[in-house]
Amino acid sequence: MNRFRRLRKTETLRRLVRETQLSADDFIQPFFVVEGRHKKEAIASMPGIYRYSVDEILKAVEAYQKVGGQAGLLFGLTNKKDSTASQAYAKNAIVPKAIKAIKKEFPDFLVITDVCLCAYTTHGHCGVVQNKYVDNDKTLPLLSKMALAHAEAGADIVAPSDMMDYRVAQIREDLDRKSFINTAIMSYAVKYSSAFYGPFRDAADSSPQFGDRKTYQMDPANKREALKEAQQDVAEGADLIMVKPALAYLDIISMLKQELTLPIVAYSVSGEYSMIKAAAQKKWINEKDIVLESLTSMKRAGADIIISYYAQDVLRRIK
Ligand code: PBG
């Protein structure tokens, strides 16, 4: 007679038959970088996450490596915003500086950079604004310049998150022309226009100053469109395909895992982190268990790689 509880009897048995395992190799930890020295600024909406100056980020990366971390995703902040995001692609901008410092100190640490203009523009949109509309084709060369500045500084992977059409093609072409043939592109191919990014915009000071991002980020109601977006980015030369947010979009992760052969990345975004933190601070949930359960669900859905603000905490525990 079938008795399913037989294999659930002890922890050893449960471990033996467990289908999904989280591994240190799966994780990417986001890091926020700011100008200045000796800065480690707390972020009100994301307890436990900080904005680091370059000297401090080296300590943060070192601590992350100590628990087995091997990859970080860098976001830059600037106090010199303008309408064309010049600090996004300046060669001596904050992210290139951070990349160089990290690579000098930890050459094997995998450096991934977010490529997007929103934290560098006065209007807070992800591209060049004309008549209150984000102009796709005028934005492409700026994104490409930004990706190139990161590649020149030593980034291993550039990750465009702007949702402009054809940016992967443009970035690939320009990287190749400058002989950065081995700089990979992790495309935020499937990025929904989501309220789950709220805490991040506080962290990165990147909220749109008018309107919203619905003319470029995807409508959360759409699934087939995700396949269209992802297939297009594959055709343009993306090396990895990201779905973002993660927890509310497991069906999308699962579909893309079936349909594509590239590695699938799930970005468990700021709102996912902050909701757990807030409830945990009120002692309404068990933080450790809920974190592992949600991250496991992303992997079970098909994610090969997970970007999470909990990466460092989790690595400490699954070692
Ligand atoms: C930049 C960008 C955003 C996030 C990653 N890259 C914000 C946005 O699109 O508004 C969100 C990350 C998070 O919420 O953790 N465009």
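Keep in mind that the model is predicted.

**Stop 1: the ligand**

The shell holds 19 residues. Which of them are the closest? They are Lys191, Arg201, Lys244, Ser270 and Tyr309. Color the shell by residue type. Eleven of its residues are nonpolar, three are polar and five are charged.

Now look for polar atoms. Start with the side chain of arginine 201. An N or O atom there is 2.6 Å from an oxygen atom of the ligand. Move to glutamine 217. A polar atom of its side chain is 2.9 Å from a ligand oxygen.

How much of the ligand does the protein cover? On its own, the ligand has 400 Å² of accessible area, and the protein covers 100% of it. The space that the ligand takes is the largest cavity. Next, select β9 (184–191) and α7 (198–204). These are the elements that give two or more residues to the shell around the ligand.

**Stop 2: a cis peptide bond**

Go to lysine 244, one of the closest residues to the ligand. Select it together with proline 245. Is the peptide bond between lysine 244 and proline 245 cis or trans? The bond is cis, with omega near -10 degrees. Most peptide bonds are trans. To place proline 245, show the loop between β10 (240–244) and α9 (250–259).

**Stop 3**

Most residues other than glycine have a negative phi. Lysine 132 sits in the loop between β6 (128–130) and β7 (133–135). Is lysine 132 buried or exposed? Its relative accessibility is 65%, so lysine 132 counts as exposed, since the cut-off for exposed is over 50%.

Now select lysine 283. Here phi is positive too, at about 60 degrees, and this residue is not a glycine either. Look for lysine 283 in the loop between α10 (270–281) and α11 (287–301). Lysine 283 is exposed because its relative accessible area is 74%, over the 50% cut-off.

**Stop 4: a buried threonine**

Select helix α5 (residues 136–153) and find threonine 139 in it. Buried means under 20%. Follow the side chain of threonine 139. It reaches the backbone nitrogen of valine 128 at 2.9 Å.

**Stop 5: methionine 218**

Show the loop between α7 and α8 (224–236) and pick methionine 218. Methionine 218 counts as buried because its relative accessibility is 2%, under the 20% cut-off.

**Stop 6: serine 86**

End at helix α3 (residues 86–89), where serine 86 is found. Serine 86 has 26% relative accessibility, so it counts as partly exposed. That value lies between the cut-offs of 20% and 50%. Last, select arginine 177 as well and draw a line between the two C-alpha atoms. How far apart are the C-alpha atoms of serine 86 and arginine 177? They are separated by 22 Å, with the residues 91 apart along the chain.

Key: Residues are numbered from 1 along each chain as its sequence is written. This is a predicted model: local features need pLDDT of at least 70, side-chain atom pairs count only at pLDDT 80 or more; totals for chains, interfaces and linings use all residues. Side-chain values use heavy atoms; hydrogens and water are left out. A residue is near a molecule or strand if one of its heavy atoms lies within 4 Å of it. A polar contact is a pair of N or O atoms within 3.5 Å; within protein, one must be able to donate a hydrogen and the other to accept it, and residues adjacent in sequence count only if both atoms are side-chain atoms. Accessible areas come from the Shrake-Rupley method with a 1.4 Å probe; for residues, only the protein chains shown count as cover. On a 1 Å grid over the protein atoms alone, a cavity is a set of points where a 1.4 Å probe fits but cannot get out, and a pocket is an open set with protein on both sides within 12 Å along at least five of seven lines; lining residues have an atom within 4 Å of a point. A molecule sits in a cavity or pocket if more than half of its atoms lie within 2 Å of its grid points. Helices (H or I, at least four residues) and strands (E, at least two) are DSSP runs, numbered from the N terminus. Ala, Val, Leu, Ile, Met, Phe, Trp, Tyr, Cys and Pro count as nonpolar, Asp, Glu, Lys and Arg as charged, and the others, Gly among them, as polar. Buried means under 20% relative accessible area, exposed over 50%, partly exposed in between (1.4 Å probe, protein chains only).
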